[in-house]
Amino acid sequence: MTTEEFKEWLGYHTTRFPALKKWLDAQEDSKAVVVLWQKTLSGVSLEHATVVTDRLYTGEVPIPKNCEYEKELIIPLILQLARTIASYEHRKEASEATRRSVREPRYTCKTCLDQGIVMVWSPRSMEAMRSGQFDLIRETRGSCFAACSCEKGLKRQNPDHPKAIPLRAYDSQVMLIVAGGHIGNKESIEELRDWIASGKIEDPDFGEI
Ligand SMILES: [Zn+2]
């Protein structure tokens, strides 16, 4: 919680538990107490702290007796309860993510994700990267399509296929797939940079489509 959020929460909490406010106001240095409380709850979100207040208020979570006598003990209790909520939410999110990944479609071809085609950096882009023009002249950046070597891709290479534009076969030795399918993507550009730096030779004949 930020200072503002903490103030908001403290106002919310003490409206429900006025005895705490009374106790706080009676302290010799109530400001220092508030600073300590804020520090204690700095890692707690406003949302979770508010949920804890609501649960204590409604009796869903009973307030331990010792908090009656030592009012300030409520703060570490709130910290503990808020952490429990946060860790529960974290676990729930993680298990949902696992479930989602199980449901994700399984592709027969990992290269083209069953599209039959892959987007690769154009020979011009590769040449520009090699000569240092790539970062200076935006127009040198481009991509083209190549047919994958899988069953679907082979159809795209067939000039007799009614719907297919015949494409050059994808060859990982001379072509680099555009990561994420977007030439403006920082990661894809860095991948091209590394690819060129590694000394791979581009095939000047594979042509732009
Ligand atoms: Zn494929």
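This section describes the domains, cores, helix packing and selected loop residues of a predicted model.

The domain assignment divides the protein into domain 1, residues 3-103, and domain 2, residues 117-197. The centres of domain 1 and domain 2, taken over C-alpha atoms, are separated by 54 Å. Mean pLDDT over the protein is 86. A score of at least 70 is reached by 92% of the residues. Among the elements, helix H1 (residues 3-16) has the highest mean pLDDT, at 95. The lowest value, 77, belongs to helix H5 (residues 66-69).

The largest nonpolar core holds 22 residues. Within this core, Val118, Val120, Ala146 and Tyr170 touch the most other members. Two or more residues each come from strand S1 (117-121), helix H7 (123-131), strand S2 (143-147) and helix H9 (186-197). S1 gives the largest share, 4 residues. A second core is separate and has 13 residues, including Met1, Trp9, Leu10 and Val52. In soluble globular proteins, nonpolar side chains tend to be buried together.

The contacts of Val120 were listed without residues up to four places away in sequence.

Helix packing was examined for H1 and helix H4 (residues 46-58). Their axes come within 10 Å and cross at roughly 5°. This angle is under 35 degrees, so H1 and H4 are roughly parallel to each other. On the H1 side, the contact is made by Glu5, Glu8, Trp9, Tyr12, His13 and Arg16. H4 contributes Leu46, Ala49, Thr50, Thr53 and Tyr57.

Val44 lies in the loop between helix H3 (30-40) and H4. Val44 has 23 C-beta neighbours inside 10 Å and therefore counts as buried, the threshold being 20 or more. Leaving aside neighbours within four places in sequence, Val44 is in contact with Met1, Ala49, Leu79 and Ala82. Met1 and Val44 are 43 residues apart along the chain. Their C-alpha atoms are separated by 5.9 Å.

The loop between helix H6 (74-103) and S1 contains Leu113. Asp114 lies in the loop between H6 and S1 as well. Phi of Leu113 is near 50°, a positive value in a residue other than glycine. Phi of Asp114 is likewise positive, near 65°. Leu113 has 13 C-beta neighbours inside 10 Å, so Leu113 counts as partly exposed. Asp114 has 16 such neighbours and therefore also counts as partly exposed.

Gly132 lies in the loop between H7 and S2. With 9 C-beta neighbours inside 10 Å, Gly132 counts as exposed, because the limit for that class is 12 or fewer. Gly132 and Thr3 are 129 residues apart along the chain. A distance of 49 Å separates their C-alpha atoms.

Methods: Residues are numbered from 1 along each chain as its sequence is written. This is a predicted model: local features need pLDDT of at least 70, side-chain atom pairs count only at pLDDT 80 or more; totals for chains, interfaces and linings use all residues. Domain bounds come from an automatic or database domain assignment. pLDDT is the predictor's confidence in each residue, from 0 to 100. A nonpolar core is a set of buried Ala, Val, Leu, Ile, Met, Phe, Trp, Tyr and Cys residues joined through C-beta atoms within 7 Å. Two residues are in contact if their C-beta atoms, placed from the backbone, lie within 7 Å. Axes are lines fitted to C-alpha atoms, for helices over the stretch in contact, and angles run from 0 to 180 degrees between N-to-C directions. Angles under 35 degrees count as roughly parallel, over 145 as roughly antiparallel, 65 to 115 as roughly perpendicular and the rest as oblique.
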